[in-house]
Amino acid sequence: MNDDMEATDERGQLAALKARMAGGLPYVSTEPALMPYRERCARLLDAFNATALTDDEARQPILHELLGRVGPGGWVMPRFLCEFGFFIELGAETRINFDAVLLDCAPIVLGSRVWLAPRCQLYTADHDLDPRRRSAMWERARPITIGDDVWLGGGVIVLPGVTIGERTVVGAGSVVTKDLPADVIAAGNPARVIREVPRPQP
């Protein structure tokens, strides 16, 4: 009975922490309540990144345990790094290539058939501009949402709070600081829309 009560209490604490972080409220990144979840993530990442590059079968159960959701055919290559794992959702057939960093202090939701080329970086965390609060480890986080069939080229960086619309392509090396609409090609630092792309015919 006590074990059930402790488990229920732990789930409640985690839910409260996740709601606060996902809601963009300030939090101290070193607060003790977060440490067990970072440690869990680190253990799973060590196991994931220790697999042979050819052994996707060994990585899949680790990936499913690490992330909040992995759709059918979801695929991630090592070396992969994230903060907690539980905030990350991958849609069906979404593919993340080598050396991706997903800093998931708030939800990172990738739709179906999203492609992340090598060394993409998705950052939800935002440190305080006041140096005293920054030194005290205060930060806040804002979710990142990427629609179906988006392709991020190599080394793309996506900043906190950004949404990228369906079927959009972002050129290699771009820094996405603001939302991008669906059906465009964008590139640059900061990324700007270059042109529209034709929508697929039914």
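1. The side chains of Asp183 and Arg167 are joined by a polar contact of 2.6 Å, where a polar contact is a pair of N or O atoms within 3.5 Å, of which, within protein, one must be able to donate a hydrogen and the other to accept it, and residues adjacent in sequence count only if both atoms are side-chain atoms. Please keep in mind that this is a predicted model, in which local features need pLDDT of at least 70 and side-chain atom pairs count only at pLDDT 80 or more, while totals for chains, interfaces and linings use all residues. Residues are numbered from 1 along each chain as its sequence is written, and side-chain values use heavy atoms, with hydrogens and water left out.

2. Is Asp183 buried or exposed? Asp183 is buried because its relative accessible area is 10%, and buried means under 20%, exposed over 50% and partly exposed in between, with a 1.4 Å probe and protein chains only. Asp183 lies in the loop between strand S18 (175-176) and S19; helices (H or I, at least four residues) and strands (E, at least two) are DSSP runs, numbered from the N terminus. Not counting residues up to four places away in sequence, Asp183 touches Glu166, Arg167, Thr168, Glu196, Val197 and Arg199, contact meaning heavy atoms within 4.5 Å.

3. Strand S19 (residues 184-187) has a covered face with Val184 and Ala186, and an uncovered face with Ile185 and Ala187. In a regular strand the side chains alternate between the two faces of the sheet.

4. Which strands pair with S19? Strand S17 (residues 169-170) pairs with S19 in the parallel sense over two bridges, and Val170 stands opposite Ala186 in S19; two strands pair if DSSP finds at least two bridges between them. Strand S20 (residues 192-196) pairs with S19 in the antiparallel sense over four bridges, with Ala187 opposite Arg192 in S20. The hairpin of S19 and S20 has four residues between the strands, and in this hairpin Gly188 takes a positive phi near 110°.

5. These strands belong to an open sheet of seven strands with mixed pairing, in the order S3-S6-S9-S14-S17-S19-S20. Its edge strands are strand S3 (75-76) and S20, each of which pairs on one side only.

6. Elsewhere in the chain, Thr30 is placed in the loop between strand S1 (27-28) and helix H2 (35-49), and Thr30 counts as partly exposed because its relative accessibility is 45%. Not counting residues up to four places away in sequence, Thr30 touches Met35 and Met137. The C-alpha atoms of Thr30 and Trp138 are separated by 8.6 Å, although these residues are 108 residues apart along the chain.
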